[in-house]
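Try each task before you read its solution.

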Amino acid sequence: MKAIQYLQYGDYSRNRLVELARPEARAGEVIVEMRTVGINPLDNTFRSGHHYAATPENLPRVGGQTGVGAVVESQSEDFKAGDRVFVRGTGFGLTADGTWREFVAAPASGLSHVPETVDDDHAAAYLAGAGYLTGYLALTELAKFRPGQTVLAPAIGGAVGMETVQVARRLGAALTISTAGNTQKAEQARAAGYEHVIDLSRESLKDGVHRITEGKGVDVVVDGVSGNLTAEVLASLAFGGTVVVAGYAGGRQANVNVTDIIWRAATIRGFTFRLFTPETVAAAGATLLGYLKEGTLHPTIGKVFPMSEAAEAVRFLIEDRPFGRVLMHARR
């Protein structure tokens with residue numbers, strides 16, 4: 001079978017198309033023929049060697065944390081041949097071979113059925129980047145969000161920004177705000193129904209938040225950008241507000257004014273899935289799948305690549321920062 005594998009940590013070009021043996025199902029496992037797979041910024045972080053688990057012992061590695069496919073063989077009573085399924089598994093793409101291949105042997109516990117109303121690409125976009133799950137857990141578990149509060153999630157084109165906004169709306173936020181790095185993306189976002197998008201090429205995040213909230217600031221920030229934006233995020237908080245730091249697409253270093261933390265009585269939480277029990281994550285996933293089925297979540301596709309162009313697909317996600325998720329077709 002074809003797969004995207006890297007033998008060493010390094011740049012995008014380490015993602016290479018190779019031929020590997022097709023996996024066999026063990027007890028409790030399901031063989032899935034992959035159709036569409038997602039690309040996550042963490043896939044790039046890990047392959048580049050900038051992750052605590054990026055050790056020599058974890059090589060070689062097939063990338064990819066999530067995807068969608070059809071069952072071809074099952075050792076589980078919960079799934080039968082022909083079922084369309086979401087695919088994810090513990091350590092996929094990091095400490096275990098992931099989804100960027102034609103066939104995956106996955107534990108049944110890592111699969112769930114794809115709703116009939118959702119096609120393969122949009123189903124894969126729903127998982128890619130883990131934005132919905134991150135946003136939901138950040139809001140409900142860490143920020144203790146309450147209906148009627150205001151939420152800021154910077155970077156409307158990215159998974160955390162876009163999908164946290166959607167989740168916050170569903171949970172009853174009074175106001176949701178995001179940002180765009182240029183006017184074109186800001187206009188694209190507004191055309192897609194995101195009313196309050198701050199165009200950072202025209203005004204600062206702090207000024208935009210104060211304009212939209214009439215000087216009150218926001219109650220909760222779920223920040224997948226960090227870097228130079230962190231100082232403005234803190235300056236945009238309402239008194240008693242909470243910042244959940246969920247990513248660092250804008251950089252790992254930040255210079256902040258500590259009085260913005262003190263005078264606003266701010267709470268700052270770091271987000272990692274290791275904070276949550278498997279039961280908590282599973283319950284969040286079930287809730288979000290219900291939202292997807294009812295049509296209140298809208299997975300957005302930025303671009304779809306063939307698997308043979310994996311290196312360019314990852315580069316496109318990281319450097320071009322598209323509006324929506326970046327996917328690959330596993331067999332086309």
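**Exercise 1.** In which loop does Pro60 lie?

Solution. Pro60 sits in the loop between helix 1 (41–47) and strand 4 (61–62). Helices (H or I, at least four residues) and strands (E, at least two) are DSSP runs, numbered from the N terminus. Now look at the bond before it. Leu59 and Pro60 are joined by a cis peptide bond, with omega about -5°.

This is a predicted model, where local features need pLDDT of at least 70, side-chain atom pairs count only at pLDDT 80 or more, and totals for chains, interfaces and linings use all residues. Residues are numbered from 1 along each chain as its sequence is written, and side-chain values use heavy atoms, without hydrogens and water.

**Exercise 2.** Find where Lys144 and Glu214 lie, then check phi.

Solution. Start with Lys144. The loop between helix 3 (131–142) and strand 9 (150–152) holds Lys144. Phi of Lys144 is positive, about 55°, although Lys144 is not a glycine. Next, Glu214. The loop between helix 6 (205–212) and strand 12 (218–223) contains Glu214. Glu214 is not a glycine either, and its phi is positive, near 55°.

**Exercise 3.** Is Glu214 buried or exposed?

Solution. Take the cut-offs: buried is under 20% relative accessible area, exposed over 50%, partly exposed in between (1.4 Å probe, protein chains only). Glu214 has 68% relative accessibility, so it counts as exposed.

**Exercise 4.** Which residues of helix 10 (residues 310–320) are buried?

Solution. They are Ala310, Ala313, Val314, Arg315, Phe316 and Leu317. Next, find their partners. These buried residues pack against strand 1 (2–6), helix 1, strand 15 (301–306) and strand 16 (325–329); contact means heavy atoms within 4.5 Å. Last, step past the helix. Arg321 follows helix 10 and has a positive phi near 50°.
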